[in-house]
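Hi everyone, thanks for making the time. I'd like to walk you through one model today, so please have a look at the screen.

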Amino acid sequence: MLLSLPALHLQTSEYHPLFQLPHRRLGPWCSPTGSPAPLSCETGCGEGSWILVCRLLVPTQVSLLSMEEDIDTRKINNSFLRDHSYATEADIISTVEFNHTGELLATGDKGGRVVIFQREQESKNQVHRRGEYNVYSTFQSHEPEFDYLKSLEIEEKINKIRWLPQQNAAYFLLSTNDKTVKLWKVSERDKRPEGYNLKDEEGRLRDPATITTLRVPVLRPMDLMVEATPRRVFANAHTYHINSISVNSDYETYMSADDLRINLWNFEITNQSFNIVDIKPANMEELTEVITAAEFHPHHCNTFVYSSSKGTIRLCDMRASALCDRHTKFFEEPEDPSNRSFFSEIISSISDVKFSHSGRYIMTRDYLTVKVWDLNMENRPIETYQVHDYLRSKLCSLYENDCIFDKFECVWNGSDSVIMTGSYNNFFRMFDRNTKRDVTLEASRENSKPRAILKPRKVCVGGKRRKDEISVDSLDFSKKILHTAWHPSENIIAVAATNNLYIFQDKVN
Amino acid sequence: MFARGLKRKCAEDEEAVPAYSLQRQSLLDMSLVKLQLCHMLVEPNLCRSVLIANTVRQIQEEMTQDGSWCVPVPQTAGRASRDRLVSTEILCRSAREGARPAPDPGDPASELQVVPAAQAPGAPPGGAWDGDGPRENRGSFHKSLDQIFETLESQSPGAVEELFSDVDGSYYDLDAVLTGMVGGAKSGQDGLEAFASAAAPPPSASCKSDLGELDHVVEILVET
């Protein structure tokens, strides 16, 4: 039964004891900060130039157990994980995100886990290993919860992960499920203090009477441990489902957006947040529009955008007022009357919005297209790319089976010259903004061997189907690429296909 | 009850008009079933619910405006056959191009028959389902549908799956409707025929009131 919304939410216990999993680091030691990778984005997305680097399975609970005992993680990564492709619902990857250097790659899954992969260190005699990622740390970020007042289960599924810029040896990331955002610290420890004589081996204080001398403890090397510790829990601020989190360029605040509201948080303060957008009508019967995604401008800490289910984007300036209920800019494309149908609104609903690295453009993804908007032009996008226009005649079936509500995300490459987004049948698309060329690639186990060049795929649209084409009717709509990520400076991409994470890179000449 | 052959002939003769209204009706039915399912969840996906509700509003507004031309809807509303579903693809194309002929003023019957279109099968409970419809005509399917909704409303959302996983014969019809009305053609024919006749309310009912029902559904949906 429906319960009316309580004024105060039940305070759920969010305290997590230090959660740590011992992990073996692979290869030679290196400084955890790592140096920024060289820029190599000039290559663009030339057709057919992508190769599979590795296919990683997010470790299941079973493999997590074995990892604690197993000494060689790589063995697990290469044999165990790759050979066992059983997947449960909990293993389905729900978000993928590179950190700011590209050294780490985080995935979140429906089971509430976060798995962090670390890039294999480059070495001159192992050129073929370039771009390989291995498991670095795994931790349970969110647990399933029950809201007793609303009689409601809160899923543990990780909706989004965002990295904070690195400021010391530790890494920080935000992860969120439908209701609660958490700040995690991921740090390494390879030394431990030894030789205390005030405590015994088990850490109990010795009887002071028995201590005759004081010994200075020394740091001794030990097996490398990667610890993930929850540092902050930002709870009880969202009535609806959180769809986006975005770290501000001031690095002190971030925002979280749900279907009807956007909140602004300070990283240091967990018990209060500022509501900066609220589109909830006084009378919920009048509700016709929801917030679908939101993001801060990459350089201007006062500016952010949010997209809506009506296909519009609002740019807000937090300097204008505390509550940004009046937008500064409103981006909307007039509807094409020749394409009007009952599904017009549904397919124009924006599933993702991303600022370009430069901050000059906004990219939006709707059901059939990706659009690039210039911040200085509100009345139409400057570029529109068809992702899978052949589905336009299938919208009724896609509505029927609910695929039409799938939320595809989109990403920019490091130099904002190429954009990438997913489709069905494990296909994903890249569009080169300069050459206007596009390519369809497939992330599948069957069709890609490590180091083999990916063959561009083609979907047959009407007429005769050629040999290597696939017809629209044989596309598998259960295999969808919703989440992808592009390395911040190199041509390395991560593509999540259910419980598989594929890493591709452009071919080295 | 009209003979099947007659319906078919009718649809062929008038081509685009009945095809379009039929598909629109089918889309409306589908949307209302989806909304009903959203209603069962404590916290439905708000974006999806809003988009479906807007679609229903749009269809019903259009039906209110130019309802007078959709002739064969009442006869065929409950058909739920494979033809109906496949042909809905026409809706994916432009809703307005070509499929918008002038109303036929010469046919007084059409005006009478239009109205039920908006109140046909999938209307929310409290409306056509357990309201004014001639109760004696209710088929077993209709009853089981009400039963299911009653049961579901008193249970946690987790029970939905359980319930649907071991459906018996009488529940199968709903299952078919829920998974896309395709299966209905196979074994659900009788139930659906009955469903159709039961769901046709008196012609005096207006589309406006149905919009009110919709608002009610939306209200329930978003109450969480």
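Before we start, one definition: helices here are DSSP runs of H or I with at least four residues, strands are runs of E with at least two, and both are numbered from the N terminus. And please keep in mind that this is a predicted model.

Let's begin with chain B. Read along the sequence, chain B follows the pattern α-α-α-α-α-α-α-α-α-α-α-α. In secondary structure terms, that comes to 12 helices and zero strands. Chain B has 224 residues, and buried residues make up 55% of them.

How many salt bridges does the structure hold over all chains? The count is 32. Let me show you a few of them.

Start with A:Glu89 and A:Lys110, whose side chains meet in a salt bridge at 3.2 Å, N to O. A:Glu89 sits in the loop between helix H2 (73–83) and strand E3 (93–98), and A:Lys110 in the loop between strand E4 (104–109) and strand E5 (113–119), so this pair ties together parts of chain A that are 21 residues apart in sequence. As for accessibility, A:Glu89 is exposed, with a relative accessible area of 52%, while A:Lys110 is partly exposed at 27%. There is also a network of salt bridges to point out, and it links A:Asp91, A:Asp109 and A:Arg113.

Next, please find A:Lys480. Its salt bridge partner is A:Asp406, and the closest N and O atoms are 2.9 Å apart. This pair links distant parts of the chain, 74 residues apart: A:Lys480 is in the loop between strand E30 (469–471) and strand E31 (483–486), and A:Asp406 is in the loop between helix H4 (395–400) and strand E25 (410–412). Is A:Asp406 buried or exposed? A:Asp406 is buried, because its relative accessible area is 15% and the cut-off for buried is under 20%.

One further pair is A:Glu194 with A:Arg192, whose side chains meet in a salt bridge at 3.3 Å, N to O. Here A:Glu194 is partly exposed, with a relative accessible area of 25%, and A:Arg192 is partly exposed too, at 40%.

From charges to a nonpolar spot on the surface. Which residues form this nonpolar patch? They are A:Leu198, A:Leu205 and A:Leu214, and together they have about 360 Å² of accessible area. A:Leu214 belongs to the loop between strand E11 (181–194) and strand E12 (218–234) of chain A. With a relative accessible area of 70%, A:Leu214 is exposed.

Rolling a probe the size of a water molecule over the atoms shows where empty space is left. The second largest pocket has a volume of about 860 Å³. Its lining counts 28 residues, and the closest to the centre are A:Glu97, A:His100, A:Glu295, A:Pro298 and A:His357. What is the make-up of that lining? The residues divide into 14 nonpolar, 10 polar and four charged. Several strands of chain A each supply at least two residues of the lining, among them E3, strand E9 (160–163), strand E13 (242–247), strand E17 (291–296) and strand E21 (352–355).

A quick word on the backbone. A:Tyr251 is not a glycine, yet it has a positive phi of about 60°. You'll find A:Tyr251 in the loop between E13 and strand E14 (253–258) of chain A, partly exposed with a relative accessible area of 43%. A:Lys436, also not a glycine, has a positive phi of about 65°. A:Lys436 lies in the loop between strand E27 (427–432) and strand E28 (438–442) of chain A and is partly exposed, at 49%.

Last stop: two buried residues. A:Ile347 is in helix H3 (residues 344–348) of chain A and is buried, with a relative accessible area of 10%. A:Ile347 and A:Leu368 are 21 residues apart in sequence and 6.7 Å apart in space, C-alpha to C-alpha. A:Tyr385, in strand E24 (residues 383–386) of chain A, is buried at 8%. A:Tyr385 and A:Arg365 are 20 residues apart in sequence, with 9.6 Å between them in space, C-alpha to C-alpha.

That's my tour, and I'm happy to take your questions.

Note on methods. Residues numbered from 1 in each chain as written. Chains lettered and ligands numbered in written order. Predicted model: local features only at pLDDT ≥ 70, side-chain atom pairs only at ≥ 80, totals over all residues. Heavy atoms only, no water. Salt bridge = Lys/Arg side-chain N within 4 Å of Asp/Glu carboxyl O. Buried < 20%, exposed > 50% of the residue type's maximum accessible area, 1.4 Å probe, protein only. Patch = residues over 30% accessible without salt bridge, like charges linked within 9 Å, V, L, I, M, F, W, Y side chains within 5 Å. Areas by Shrake-Rupley, 256 points an atom, 1.4 Å probe, with all protein chains shown as cover. 1 Å grid on protein atoms, 1.4 Å probe; cavity = no way out; pocket = protein on both sides within 12 Å on 5 of 7 lines; lining within 4 Å. Points joined across faces, edges and corners; volume = space filled by probe spheres on them. Nonpolar A, V, L, I, M, F, W, Y, C, P; charged D, E, K, R; others polar.
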